[in-house]
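Dear colleague,

Please read them with the sequence and the 3D view side by side.

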Amino acid sequence: MASPKRIKKIKFGLLSPKEIRKMGVTKIITADTYDDDGYPIEMGLMDPRLGVIDPGLRCRTCGGRPGECPGHFCRIELVAPVVHVGFAKLVRKILRSTCRKCGRLLLEEPIKKNYLDQIKLLTKLGQPCDDLVKNVFRDATKVNLCPYCEEAQMDIKFEQPTSYVEGGHKLMPADIRDRFERIPDEDIKIFGMDPKNARPEWMILRVLPVPPVTTRPSITLESGQRSEDDLTHKLVDIIRINQRFQENREAGAPQLIIEDLWELLQYHVTTFLDNEVSGVPPARHRSGRPLKSLSQRLKGKEGRFRGSLSGKRVNFSARTVISPDPNLSISEIGVPLQIATELTIPMNITSRNLEECREYVRRGPNNHPGASYVKRLDGRRVKVIDENREELAELLEPGWKVDRQLQDGDLVLFNRQPSLHRMSIMAHEVKVMPYKTFRINPAVCPPYNADFDGDEMNLHVPQTEEARAEAKILMKVEENILSPRFGGPIIGGIHDHISGMFLLTRGNVTFDKDTALELLKKSEIMDLSEPAGYENGKPYWTGKQIFSQLLPSGLNLTYRSKMCDNCKICKREECEKDAYVVIKDGNLLCGTVDEVAIGAFAGKILDRIIKEYGAVEAGKFLDNATRLAIRMITRIGFSFGIDDEDIPSDAQEQIHDIIMAAEERVKRLIEAYEAGELDSLPGRTIDETVEMKIMQELGKARNQAGDIAGHHLGMDNSAVVMAISGARGSMLNLTQMAACVGQQSVRGERIQRGYADRTLPHFYKGDLGADAHGFVKSSYKKGLSPIEFFFHAMGGREGLVDTAVRTSQSGYLQRRLINALQDLEIKYDGTVRETRGQIVQFVYGDDGVDPSKSDYGKSVNVSRIIQNVTGEEVMGGKSG
Amino acid sequence: MAKKDTVLALRKRGISSKMAQILCDAGFTLSKLEKASVEDLVKAGITSRNANLIMKNRIRPPTEKSKDMSSDLIDSKLRGLLLPTTITDELQRDLRRIKLTEVQLDKILQMVVDAYERAKVEPCEAVGIIAAQSIGEPGTQMTMRTFHYAGVAEISITLGLPRLIEILDARKVPSTPMMTIRLKDEIKSDRDKVRKLAWEIETTSLLDLGDLSIDLAEMQICIDLSEKPLLQRNISPEEVVERTIDELGVDVRLEGLKLIIHPEQPSYRELLQLVEKIRGMVLKGIEGIERIVIRKEDGEYVLYTEGSALKKILNCDGIDPTKVKTNNINEIADVLGIEAARNSIIYEAMETLREQGLEVDVRHIMLVADMMTCGGELKQIGRHGVAGEKSSVLSRAAFEVTVTHLLEAAIHGDVDELCGVTENVIVGQPIRLGTGDVEPIYKGG
């Protein structure tokens with residue numbers, strides 16, 4: 001297949017009247033669009049030579065049908081010239097800096113030459129010369145006498161948006177045009193303009209190009225009435241005024257009327273180009289809605305540039321709700337049958353796959369792994385339907401193409417917005433499934449930042465061999481376990497995976513043979529290790545052993561798990577919390593597997609495996625580990641309910657006492673403050689000091705209450721297991737549920753807003769007490785009092801607002817970053833350069849190391865290599 | 001083949017592979033080298049410094065399997081490898097701690113070199129996009145809370161997302177400028193001297209010295225100076241009077257410790273304006289340093305300031321100019337140059353992210369910092385900086401202020417070469433980046 005032609009460059013410039021006339025297929029003279037029969041009127045705005053939009057008609061210029069014909073420009077000959085709004089300011093600058101008589105730039109020859117040389121140098125270097133040109137205008141405006149013809153210059157006043165007054169006389173666009181025509185080419189270059197592509201007089205329009213009908217299609221409403229596009233409306237206005245102007249001028253109307261009409265024509269042309277110019281009332285539709293002008297079509301997020309040109313729409317894609325399936329591999333995706341029958345992959349028929357293709361065609365479009373289209377040698381596409389499938393299958397021969405339906409094992413791209421990083425689009429293997437949702441392994445949720453509360457995701461089917469190869473090599477889920485952000489794993493176990501692993505490996509849980517095999521059944525493990533011991537003559541295995549089956553042999557690792565309290569003296573293997581993890585030769589000897597081991601964003605074991613055994617092995621480990629964890633947790637049964645927050649009544653009393661005591665202390669603080677006995681902290685006022693002390697006191701009380709509650713909730717409590725293993729939630733959440741919600745805050749302070757000197761009318765003015773400023777004594781279980789509830793809502797609302805503001809701010813930040821950095825690339829010499837070839841870095845990141853291949857930013861894990869070679873652990877070097 | 005062996009042998013002697021290649025190309029063998037002089041080597045195209053090095057190492061390498069690995073050997077072996085300094089430093093540190101044979105040493109070094117080669121970036125990698133994503137993505141997880149107390153409880157500084165935006169915007173002045181000043185050894189542990197220095201640096205206004213009251217009946221302003229601050233700030237009432245007259249040019253009388261100031265004309269407006277002037281007047285100290293907090297850290301006193309004035313602080317006596325820190329990046333660029341500003345951007349951005357508990361590789365931030373500074377002056381990430389100065393018209397038009405860019409391009413007769421990402425997306429052709437920058441070549445017919 002020949003590679004398509006590449007556009008090498010695009011040159012920008014102004015259209016000269018000559019060019020406009022050349023490209024315009026016709027002149028428009030009537031403001032009418034369609035005749036009574038609904039046919040476009042010739043020389044009208046919908047002239048059939050401009051292209052066609054109505055089905056059945058053919059373009060009279062190129063003969064194309066709607067969809068084929070791109071449309072053709074035509075023109076309106078303006079009776080009098082008008083200024084192009086976009087250039088109004090530039091027109092003023094040029095007027096001021098050129099001679100009113102001879103039209104030359106008001107600078108002496110040597111100065112001109114100097115400027116010209118500088119501009120040439122800058123353009124050669126590819127630098128912008130805006131600042132230099134600014135100086136040219138500044139210098140030339142100051143000159144009062146033309147150095148060439150010695151004509152005295154007059155001050156030119158500019159009135160928004162498009163009128164110029166010279167010494168009390170209004171300059172008509174025609175005068176300006178005449179002046180500009182006199183400017184020599186050499187002087188134009190000094191304005192930073194290119195006289196070949198942009199003569200200044202072309203900024204004054206004498207001929208208006210009319211965009212083709214295809215850019216301003218009219219819609220037929222249900223009532224059969226035609227509704228024209230905004231641009232057409234505007235063009236109609238321009239033509240009408242143009243005609244009236246001509247009639248008046250020919251009839252010899254007084255100057256006043258001519259000038260009025262001229263201004264009206266200027267207004268319509270201005271609002272055709274830009275309807276948001278300051279100082280010009282926007283042109284409105286009959287309904288009062290402002291018309292959409294040309295420049296508004298380009299502008300902004302939904303404009304042509306950002307909306308249509310940078311954001312493309314594609315075929316071969318699907319979107320639906322996602323739901324979890326822990327039995328899928330992380331690299332798989334469950335695709336609903338309905339979607340799989342709709343999406344296709346093109347196959348080239350060769351002698352080798354002829355039979356296979358025949359089978360697809362034979363099955364037809366409604367019988368799942370079938371085909372929906374075939375493409376014959378002459379390029380005609382034939383739809384496969386039940387009636388012709390047998391026939392078509394026999395006709396197939398090498399060289400034809402078949403659009404085969406999606407089936408198991410195909411690679412597809414899967415994406416969730418917002419696509420903040422490259423892991424937001426990854427390649428998965430298709431697994432066709434019943435029902436209507438996409439199914440994914442919950443372990444791949446973190447990179448997509450997905451959950452299953454109704455999230456929808458998109459699927460794209462690569463159509464060429466190259467695309468599939470790229471997807472397979474670069475985009476597979478396994479290739480993206482390590483994040484290029486910090487060189488650690490971003491995919492890993494979540495929630496139940498972690499709780500399950502934790503329950504399996506903590507302490508010495510033992511299983512008999514049946515249970516052990518049952519647990520490992522889904523994990524592709526072929527044999528079991530030697531039993532840990534015998535009880536009543538029956539062999540048993542520990543949870544740690546079962547987990548070790550998943551680890552690749554030869555894996556060595558020591559680290560401290562999440563439970564570790566960072567005791568001053570680490571007891572290492574003898575840790576009573578089982579927090580010191582030792583893995584020797586792929587065997588978990590001691591320690592508990594938790595979030596730090598297999599979790600997303602942390603996952604030490606996972607990290608080690610991927611760095612020493614590669615992505616595929618890591619993917620397998622993840623599959624096996626998550627399945628084992630799910631089996632474990634379903635076997636044990638794991639649930640959390642309201643009675644899990646129950647604490648004994650004496651504990652409740654203790655908590656009550658603690659809070660009362662704290663309130664008492666707060667009261668005393670306030671008394672001291674009011675008596676003026678309180679010393680302020682350095683750098684703080686007394687008011688701030690009391691606030692801080694009260695906050696401290698109440699915070700302490702909440703923590704104490706939490707400790708008591710935590711004391712009564714043991715490891716048999718599901719929430720505690722989740723919090724400690726790092727699966728979900730924290731002890732703080734648990735405290736809030738069981739003991740005391742604590743201080744509510746807005747802007748990092750206690751709640752201060754509300755009425756004058758008080759938060760709510762229930763309190764005395766100036767009350768500084770705990771409950772008057774948002775301290776919530778109750779627990780979520782007990783329920784909040786109305787006042788507490790109100791304060792809680794205040795704190796909650798702040799959080800919501802914060803999130804909303806943050807997303808928009810960080811979104812814009814990212815857009816700017818991407819725009820600034822997107823063109824940077826590593827060249828073959830190792831330098832980082834942008835498009836112009838300018839070097840940004842000589843060596844990427846000072847050492848040329850790819851962060852996603854690094855070990856948490858370190859290019860080489862030296863101590864690990866030394867350890868592997870000598871078997872000695874290097875002291876001081878970080879382990880693991 | 002013989003050449004290759006010579007190169008290997010030379011490398012064993014701690015001569016870098018590049019150097020060894022040059023020597024071999026110049027026709028040196030091992031025996032020739034032993035007889036050669038420095039001059040001979042220089043003739044072969046080696047700098048004299050390197051030549052001296054080679055002269056030192058050309059003799060036989062130390063005998064195999066020496067039990068005690070001398071650090072010289074490790075050093076010389078390391079010198080021959082093309083590794084970044086971070087790795088060589090770590091190797092030097094760790095290898096000296098353990099005993100190992102030369103075979104093991106060679107094995108370790110080989111593995112390190114292999115690992116380094118493996119970790120290197122591949123050509124055509126679109127590192128810019130990755131850097132932008134790596135910094136932008138955690139932005140969603142950052143807090144919005146502008147004020148946070150870090151380290152020094154008394155001084156509040158902007159943190160989180162607003163601070164990151166501030167850094168990338170290359171704002172002239174950050175919303176909370178702050179300096180950390182360490183002091184010279186002579187005074188850094190002497191509390192009184194430190195305090196004195198702090199009073200010297202901190203701006204003193206009249207209001208710091210006493211209470212201001214407006215006497216409307218007499219149309220005058222009274223300031224009751226108090227003894228304590230005058231003493232602390234080492235300023236006498238007479239000096240205050242003198243400075244006030246200098247600054248404001250009005251009539252000032254001193255009655256005991258009471259300062260009486262008359263406006264030029266006894267009008268109410270004048271009076272109020274004068275009060276405003278007095279508020280803004282700096283009597284003493286460095287302008288911009290609004291408040292100083294002294295803290296003891298590891299046995300020395302450190303000054304933390306609210307407000308920043310790097311140039312003036314560097315000229316102060318008693319401070320350690322090598323250890324002064326400010327969070328005003330533009331100031332650093334002005335005073336210390338663009339390279340310092342680059343390092344400051346990296347440091348500030350890393351600290352901001354680290355404080356939020358977000359891990360981002362330095363290399364990404366380095367790239368952003370380099371992009372902002374590679375033109376020789378600080379450029380913002382955004383419309384008025386990097387993104388606005390791109391060569392491509394279409395790319396600029398697609399970013400912000402679409403219409404203006406298009407009109408200007410027409411005037412200048414600009415040409416879009418279609419090299420970048422956005423331009424090619426807009427015209428609908430493959431992007432010349434990453435896998436789009438390479439094409440398979442078919443060999444043979």
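In chain B, Lys296(B) stands opposite Tyr301(B), a residue of strand S9(B). This pair belongs to an antiparallel pairing of strand S8 (residues 291–297) and strand S9 (residues 300–306) of chain B, which extends over seven bridges. The two strands form a hairpin with two residues between them, and in the turn Asp298(B) has a positive phi of about 50°. Please keep in mind throughout that this is a predicted model.

Val401(B), in the loop between helix H20 (393–399) and helix H21 (402–412) of chain B, has a phi near 40°. Val401(B) counts as partly exposed because 13 C-beta neighbours lie inside 10 Å. In chain A, Asn536(A) has a phi near 50° and is found in the loop between S20 and S21 of that chain. Asn536(A) has 6 C-beta neighbours inside 10 Å and therefore counts as exposed. A further backbone feature of chain A is the cis peptide bond from Gln417(A) to Pro418(A), whose omega is near -5°; Pro418(A) sits in the loop between strand S15 (411–415) and strand S16 (425–433) of chain A.

S19(A) is joined by three bridges to strand S21 (residues 538–542) of chain A, the two running antiparallel, and within S21(A) the residue opposite Asp512(A) is Tyr540(A).

Another packing arrangement in chain A involves helix H16 (residues 496–505) and helix H21 (residues 615–636), whose axes are 8 Å apart and meet at an angle of about 70°. H16(A) and H21(A) are therefore roughly perpendicular to each other. On the H16(A) side the contact includes Met501(A), Leu503(A) and Leu504(A), while on the H21(A) side it includes Ala629(A), Ile630(A) and Ile633(A). By class, nine nonpolar, four polar and one charged residues make up the contact of these helices.

His460(A) has its place in strand S18 (residues 456–460) of chain A. Beyond its neighbours within four places in sequence, His460(A) is in contact with Val314(A), Phe316(A), Ser317(A), Val412(A) and Leu413(A). The C-alpha atoms of His460(A) and Leu411(A) are separated by 9.4 Å, although the two residues are 49 apart along the chain.

Turning to how the chains meet, 91 residues of chain B are in contact with 87 residues of chain A. On the side of chain B that touches chain A, the largest share, 12 residues, comes from helix H9 (residues 127–139) of chain B, and the residues of that side divide into 54 nonpolar, 19 polar and 18 charged. Strands also join the chains: strand S1 (residues 10–11) of chain A and strand S11 (residues 415–416) of chain B run antiparallel and are linked by two bridges, with Val415(B) as the bridge partner of Lys11(A).

The largest nonpolar core has 152 residues, and those touching the most other members are Leu821(A), Val127(B), Leu367(B), Val368(B) and Met372(B). Helix H19 (residues 362–373) of chain B gives the largest share of this core, seven residues. Apart from this core lies another of 105 residues, among them Met457(A), Val477(A), Ala709(A) and Leu713(A). Leaving aside neighbours within four places in sequence, the contacts of Leu367(B) include Leu821(A), Leu824(A) and Val832(A) from chain A, and Val127(B) and Ala131(B) from chain B.

With best regards

Technical notes
Residues numbered from 1 in each chain as written. Chains lettered and ligands numbered in written order. Predicted model: local features only at pLDDT ≥ 70, side-chain atom pairs only at ≥ 80, totals over all residues. Core = buried A, V, L, I, M, F, W, Y, C linked by C-beta atoms within 7 Å. Buried ≥ 20, exposed ≤ 12 C-beta atoms within 10 Å, placed from the backbone. Helix = DSSP H or I, 4+ residues; strand = E, 2+ residues; numbered from the N terminus. Contact = placed C-beta atoms within 7 Å. Nonpolar A, V, L, I, M, F, W, Y, C, P; charged D, E, K, R; others polar. Pairing = 2+ DSSP bridges. Axes fitted to C-alpha atoms, helices over the stretch in contact; angles between N-to-C directions. Parallel < 35°, antiparallel > 145°, perpendicular 65-115°, else oblique.
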